[in-house]
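This report covers one protein model, its domains and its ligand surroundings. The sequence and structure come first, and the description follows.

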Amino acid sequence: MSESFQILVLPGDGIGPEVMAQAVRVLTSIEAVAGMKFNLDYALAGGAAIDAHGTPLLDGTMDRARRSHAVLFGSVGGPKWEGLGFDLRPEIAILRLRKELNLFANLRPATSYKPLIDASTLKPEVIESLDIMIVRECAGGLYFGEPRGIEQLPNGGKRGFNTETYSTEEIERVGRVAFHLARDRRNQVCSVEKANVTESGLVWREVMTALHQREFADVTLRHMYADNCAMQLVRAPKQFDVVVTGNMFGDILSDLASMLTGSLGMLPSATIGTATGERFKPAVYEPIHGSAPDIAGKGIANPMAQILSVAMMLRLSFGMTKEAALVEQACVDALAAGARTPDLGGNHSTAQVGDAVVAQLERLISAPNSIA
Ligand code: NAD
Ligand code: IPM
Ligand code: MN
């Protein structure tokens with residue numbers, strides 16, 4: 001065993017623990033081939049932590065996250081905790097990790113895998129070979145801007161308010177991530193905001209334009225309003241390479257983009273705190289979906305997004321490029337062999353999909369020349 005990586009595993013709520021169990025099986029299979037040990041440190045997060053400790057993320061868990069090489073996050077939330085104040089809700093767990101670890105860029109790749117070409121609600125020719133990288137700013141914007149709150153009005157009503165803010169520094173740092181990623185892809189960045197209506201959008205556009213001219217003139221940059229972007233993602237998604245946008249638009253557009261790939265259960269993500277090309281330490285790896293209360297406990301959640309998040313962790317945090325590609329290939333091969341949960345039109349259980357991915361992984365490991 002040459003190296004050892006410390007991973008904080010936070011399964012969370014609902015389908016989180018169900019899909020996490022499959023992702024951990026995949027990690028264990030990788031250990032043997034890589035001659036490497038993953039030290040898994042488990043903790044509660046979200047509603048599970050509220051029930052056990054009265055808070056969505058213990059300070060001690062935050063410290064353990066800081067000391068880890070990476071955090072593997074499931075999903076949090078559910079109807080049981082919906083009545084709580086915003087500072088007490090399960091969702092605080094993931095927001096706090098992003099904010100306090102200073103992870104400002106959430107990379108959400110929407111990749112259309114060949115075996116799933118018929119699983120999308122869009123026509124095959126619209127999505128075939130689709131490969132988009134959505135870079136969502138995730139430590140600022142409407143999620144964190146002040147002032148925010150709810151006030152009582154003299155007329156007996158209420159007023160809820162939030163603030164969208166973006167500074168030059170916040171835009172530049174996430175912009176750099178997008179431009180660096182584009183250089184290793186098809187060299188195109190589409191920057192998305194509402195510069196036609198909001199000051200924060202206008203500053204975003206100005207800063208992205210200046211950054212492009214100053215540091216990334218070799219990359220093609222275009223700007224698009226978020227409403228048009230939503231429409232274009234459904235009309236002609238292959239026009240996009242890297243999309244960079246703020247916290248709220250990125251949240252919405254990435255759920256939208258997931259359906260281009262067949263299911264929300266297919267999209268992994270990496271939440272990082274530096275421009276690419278460097279090791280991210282620590283970073284958070286999480287599917288983009290939530291705890292799916294409507295299917296939790298049924299054993300039918302799609303574990304692919306969680307497993308593919310493991311692949312992103314291997315590549316970005318541990319530099320294990322070959323092993324990351326193996327995991328991705330095993331997922332594609334398992335899908336091609338028909339291992340699909342109901343969201344993809346199949347009838348496999350979560351565990352059966354996990355079985356299939358592990359089996360494909362073992363096949364690929366024993367026949368390394370078959371790696372695409
Ligand atoms: P959701 O993503 O949990 O579910 C939306 C729909 O997609 C549901 O019909 C669900 O069954 C389906 N779905 C999601 N993931 C799936 C998977 N892996 N396999 C098959 N089907 C899947 O969103 P929601 O219902 O709006 O939110 C539920 C809870 O999750 C809320 O409390 C929300 O705040 C929380 N949430 C958490 C995270 C996170 O922890 N990162 C992300 C999004 C939502
Ligand atoms: C996501 C989720 C989170 C977000 C919630 C749970 C706070 O929807 O990761 O996409 O809005 O960022
Ligand atoms: Mn979301």
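## Surroundings of ligand 2

An oxygen atom of ligand 2 has a polar side-chain atom of Asp-251 at 2.8 Å. The model is a predicted one. The side chain of Arg-136 also places an N or O atom 2.8 Å from an oxygen atom of ligand 2. For Tyr-143, the distance from a polar side-chain atom to an oxygen atom of ligand 2 is 2.5 Å.

The residues around ligand 2 are Glu-91, Leu-95, Arg-98, Arg-108, Arg-136, Tyr-143, Asp-251 and Ile-288.

## Surroundings of ligand 1

Ligand 1 has 21 residues around it, and the closest of them are Val-76, Glu-91, Gly-290, Ala-292 and Asp-294. Glu-91 is therefore listed for ligand 1 and also among the residues that surround ligand 2, each being within 4 Å by the rule applied.

A polar backbone atom of Gly-290 is 2.7 Å from an oxygen atom of the ligand, and a backbone N or O atom of Ser-291 is 3.1 Å from an oxygen atom of the ligand. From a side chain, Asp-294 brings a polar atom to 2.7 Å from an oxygen atom of ligand 1.

## Domain layout

## Interface between the domains

How many residues of each domain are in contact with the other? Domain 1 contributes 31 residues, and these are in contact with 32 residues of domain 2. The size of an interface is often given as the accessible area lost when the parts come together. For domain 1 and domain 2 the area buried between them is about 3000 Å², with 67% of it on carbon and sulfur atoms.

Zero salt bridges are counted between domain 1 and domain 2. Polar contacts do occur across this interface: the rule finds twelve residue pairs, with both residues at pLDDT 80 or more. On the side of domain 1 that touches domain 2, the elements giving two or more residues are helix H4 (92–100), strand S12 (283–285), helix H10 (304–316) and helix H11 (321–336). H10 gives the most to this side, with six residues. By residue type, the side of domain 1 that touches domain 2 consists of 20 nonpolar, six polar and five charged residues.

Conventions
Residues numbered from 1 in each chain as written. Chains lettered and ligands numbered in written order. Predicted model: local features only at pLDDT ≥ 70, side-chain atom pairs only at ≥ 80, totals over all residues. Heavy atoms only, no water. Contact = heavy atoms within 4.5 Å. Buried area = accessible area lost by both parts, 1.4 Å probe. Salt bridge = Lys/Arg side-chain N within 4 Å of Asp/Glu carboxyl O. Polar contact = N/O pair within 3.5 Å; in protein donor to acceptor, adjacent residues only side chain to side chain. Helix = DSSP H or I, 4+ residues; strand = E, 2+ residues; numbered from the N terminus. Nonpolar A, V, L, I, M, F, W, Y, C, P; charged D, E, K, R; others polar.
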